[in-house]
Amino acid sequence: MKIYWIKAQAPRRVLALVKHLGAPAEFIDISRGLKTPDFAALNPNMKAPVLVDGETVLWESTAIMAHLCVRESCDMWPARHPQEQVEVLRWLAWTDSHWSPAVAPFYFEHIVRKNFGLGAPNRAALIDKVADLKTFASVLDAHLRSHSHVACDRLTIADFAAASMATDWREAEMPFETFPNIVRWLDGLMRLPAWAEPWPDMRSAAA
Ligand SMILES: N[C@@H](CCC(=O)N[C@@H](CS)C(=O)NCC(=O)O)C(=O)O
């Protein structure tokens with residue numbers, strides 16, 4: 001199995017899950033090859049992550065996470081429980097539609113700029129993004145008041161999806177101080193070794 005990755009939030013979900021599951025994989029840092037014809041043949045969007053598992057070529061990190069769980073018989077994607085699937089799907093859809101767009105400006109200014117050498121954060125660009133972030137943070141915080149995790153009251157791929165941009169919230173200056181349940185949940189995920197350190201060892205990663 002091959003995982004094409006770059007050091008960014010969508011690959012982080014997949015890399016953390018592979019590590020958490022102990023699944024055997026070859027990790028290919030594609031940061032210099034995203035816009036090549038060879039990679040476009042795997043993912044016409046020319047984005048990471050991509051999984052190649054035998055005949056299966058998959059893009060979209062949430063689909064890749066579900067594939068990994070099926071492959072490794074892990075209930076972080078509840079393949080055998082339709083009602084739990086519905087619950088996980090609800091939060092994956094919410095993450096894509098509402099949460100990620102609200103968190104993304106902060107993630108971009110503070111994390112992407114740093115990781116990709118794009119200059120200093122433009123804090124002024126974030127001022128009018130705070131209200132939107134707080135709107136959806138209120139939804140998640142209220143849910144987490146009575147739930148240990150985002151879905152099914154246990155670790156699922158919905159946690160990795162929702163946390164991938166938010167996990168560095170302190171460094172990204174996301175205003176979560178008044179959302180204690182989100183902070184508890186994000187800090188709890190950081191106690192998972194695979195989530196805290198998902199990145200492949202660059203010395204052994206294939207070029
Ligand atoms: N919805 C996609 C997002 C993929 C995506 O946007 N990947 C980013 C990294 S987080 C990327 O490859 N960016 C490089 C580029 O657009 O050039 C997923 O979840 O896999």
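A: Start with helix α3, residues 61-71, in this predicted model. Eight of its 11 residues are buried, so the helix is largely enclosed by the rest of the structure. The buried residues are Ser61, Thr62, Ile64, Met65, Ala66, His67, Leu68 and Cys69. Their cover includes helices α1 (9-21), α4 (82-115) and α6 (157-163). Strands β3 (50-53) and β4 (56-59) are also part of that cover. Just after α3, serine 73 has a positive phi of about 50°.

Now the wider setting. The protein chain divides into domain 1 (2-76) and domain 2 (82-193). Their contact takes 15 residues from domain 1 and 18 residues from domain 2. The domain centres, taken over C-alpha atoms, are 21 Å apart.

Together the two domains bury about 1400 Å², with 63% of it on carbon and sulfur atoms. Gln9, Arg13 and Met76 supply 41% of the area that domain 1 buries against domain 2, more than any other three residues.

Polar links join the domains as well. There is one salt bridge between domain 1 and domain 2. The side chains of aspartate 75 and arginine 154 meet in a salt bridge, at 3.2 Å from N to O. Six residue pairs are in polar contact between the domains.

On the domain 1 side, α1 and α3 are the elements that give two or more residues to the contact with domain 2. Helix α1 has the largest share, six residues. This side of domain 1 divides into eight nonpolar, three polar and four charged residues.

Key: Residues numbered from 1 in each chain as written. Predicted model: local features only at pLDDT ≥ 70, side-chain atom pairs only at ≥ 80, totals over all residues. Heavy atoms only, no water. Buried < 20%, exposed > 50% of the residue type's maximum accessible area, 1.4 Å probe, protein only. Helix = DSSP H or I, 4+ residues; strand = E, 2+ residues; numbered from the N terminus. Contact = heavy atoms within 4.5 Å. Domains from an automatic or database assignment. Buried area = accessible area lost by both parts, 1.4 Å probe. Salt bridge = Lys/Arg side-chain N within 4 Å of Asp/Glu carboxyl O. Polar contact = N/O pair within 3.5 Å; in protein donor to acceptor, adjacent residues only side chain to side chain. Nonpolar A, V, L, I, M, F, W, Y, C, P; charged D, E, K, R; others polar.
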